[in-house]
Amino acid sequence: MIDATPRPPFKLGFLTHAFGDNPQQVYQDVLEQFDVAEALGFDGGWIAQHHLSNGFGRLPSPLLALAAVAERTRHIELGTAVTVLPFEDPVRLAEDASVLDQLSAGRVQLGLGSGGANLDSFSAFERDAGKRQQRFAEDQQQLQALLNGQALRTGSPLTLQPPAPGLANRLWHSHGSVEGARYAASQGNGLLLGTATHDPLTVQKPLADAYLDAWNHPNSKPRIGVVRAVFPAADRATAQAELAVDIERHVPRLQREGLIDQASDLQEHLRLLNVHHGHPEEVLHSLRNDPSLLPYADYLIVVVQAESSTQAQVLQRLRIIAREIAPALGWQPRSTQSQATVG
């Protein structure tokens with residue numbers, strides 16, 4: 001168990017799935033999103049990894065993209081949410097993450113997942129989806145040992161080069177079960193919550209509670225990152241109009257996962273996908289009433305882009321969140337010298 005000491009204000013990040021049909025433009029947009037977010041005082045930007053995806057997510061190699069971000073930014077943290085660990089070689093992932101951490105002066109936040117949302121890709125990587133949890137644990141432990149400076153194997157003189165001091169303390173797990181949440185705690189790593197169709201009250205809150213209850217590391221504190229779709233607009237009707245086409249694309253997934261038997265109305269689909277939307281005051285009310293957000297979140301990670309969102313819409317949502325919504329929830333923006341550049 002941990003003590004009841006009040007937590008400091010949460011960090012604020014954003015998550016991009018890198019949507020779009022033109023990869024070159026998608027990547028330029030992602031770089032601009034990081035530029036604007038840093039100028040707004042965001043603490044971090046996170047990239048979702050998508051393999052063999054045609055338009056839904058254009059970044060199979062997030063660490064490469066984050067290296068480009070590192071070159072043009074100075075403060076914003078560089079996160080993956082998540083890297084699908086069973087598709088990676090843990091030694092090579094440790095090397096790539098270590099290089100990025102050196103290039104960025106220690107800004108990497110490495111989120112790891114077992115691939116539950118990527119079951120269709122296991123055959124492409126010649127992996128057994130049925131053993132994904134076992135492989136995740138084995139690879140995560142080897143990765144973490146390397147990042148901690150341990151030898152590649154018992155008796156081996158080989159260690160991770162370049163070394164990554166501190167990066168082992170910036171690992172995160174995404175899990176959808178109580179057992180997984182407890183496992184993340186046992187490893188001393190952060191827990192990421194936020195799969196779109198996981199109910200905040202009946203699924204996510206028990207995960208957060210189990211993680212906190214299992215934490216037993218007196219020299220470090222638990223870390224919970226909460227991913228939330230946040231779409232502020234002039235009013236609720238405008239937000240729903242901007243989201244309607246993209247939300248309907250998710251109806252087949254809602255049916256596959258047994259959340260609905262047949263298509264319902266837009267507002268019900270938005271509820272099932274945990275989309276906080278509307279006028280900033282409506283978004284604030286919605287977020288405050290989210291049962292697994294406050295006071296659990298050490299890191300609030302907002303998703304502000306749907307498949308058909310324009311770059312202008314994405315950047316405006318980031319501005320509204322940083323200037324109006326997050327401060328009202330207790331976030332304290334990092335002071336920067338570039339506030340005037342974000343419009």
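## Basis of the description

Helices (H or I, at least four residues) and strands (E, at least two) are taken here as DSSP runs, numbered from the N terminus. The model is a predicted one, in which local features need pLDDT of at least 70 and side-chain atom pairs count only at pLDDT 80 or more, while totals for chains, interfaces and linings use all residues. Residues are numbered from 1 along each chain as its sequence is written, and side-chain values use heavy atoms, with hydrogens and water left out.

## Overall fold

The chain has 11 helices and 9 strands. Its radius of gyration, taken over C-alpha atoms, is 19 Å, close to the 20 Å that the globule rule (2.2 Å times the number of residues to the power 0.38) gives for 343 residues, so the chain is as compact as a globular protein of that length. Along its principal axes the C-alpha trace spans about 65 × 50 × 45 Å.

Of the 343 residues, 53% count as buried, where buried means under 20% relative accessible area, exposed means over 50%, and partly exposed lies in between (1.4 Å probe, protein chains only). Contact means heavy atoms within 4.5 Å, and among contacts between residues at least 6 apart in sequence, 74% join residues at least 24 apart. The chain exposes about 15,700 Å², of which carbon and sulfur atoms supply 51%; these accessible areas come from the Shrake-Rupley method with a 1.4 Å probe.

## Charges and salt bridges

With Lys and Arg counted as positive and Asp and Glu as negative, and with His and the chain ends not counted, the mean positions of the 28 positive and 37 negative charges are 4 Å apart. The place of each charge is taken as NZ of Lys, CZ of Arg, CG of Asp or CD of Glu. Side chains of opposite charge can pair when their charged atoms come close. The structure holds 11 salt bridges, a salt bridge being a side-chain nitrogen of Lys or Arg within 4 Å of a carboxyl oxygen of Asp or Glu.

## Pairs within a helix

In helix 3 (residues 90-103), R92 and D96 lie 4 residues apart, about one turn of the helix, and they form a salt bridge whose closest N and O atoms are 3.1 Å apart.

K205 is partly exposed at 26% relative accessible area, and D209 is partly exposed at 27%.

## A buried pair between distant parts of the chain

The side chains of R228 and D290 meet in a salt bridge of 2.6 Å, N to O. This pair links distant parts of the chain, since R228 is in strand 7 (residues 224-232) and D290 in the loop between helix 10 (280-288) and strand 9 (299-303), 62 residues apart. R228 is buried, with a relative accessible area of 1%, and D290 also counts as buried, at 5%.

## Surroundings of S114

S114 lies in the loop between strand 4 (108-113) and helix 4 (132-147), and with a relative accessible area of 7% S114 is buried. Leaving aside neighbours within four places in sequence, S114 is in contact with V84, P86, F122, R132, Q133 and F136. The C-alpha atoms of S114 and L52, which are 62 residues apart along the chain, are separated by 17 Å.
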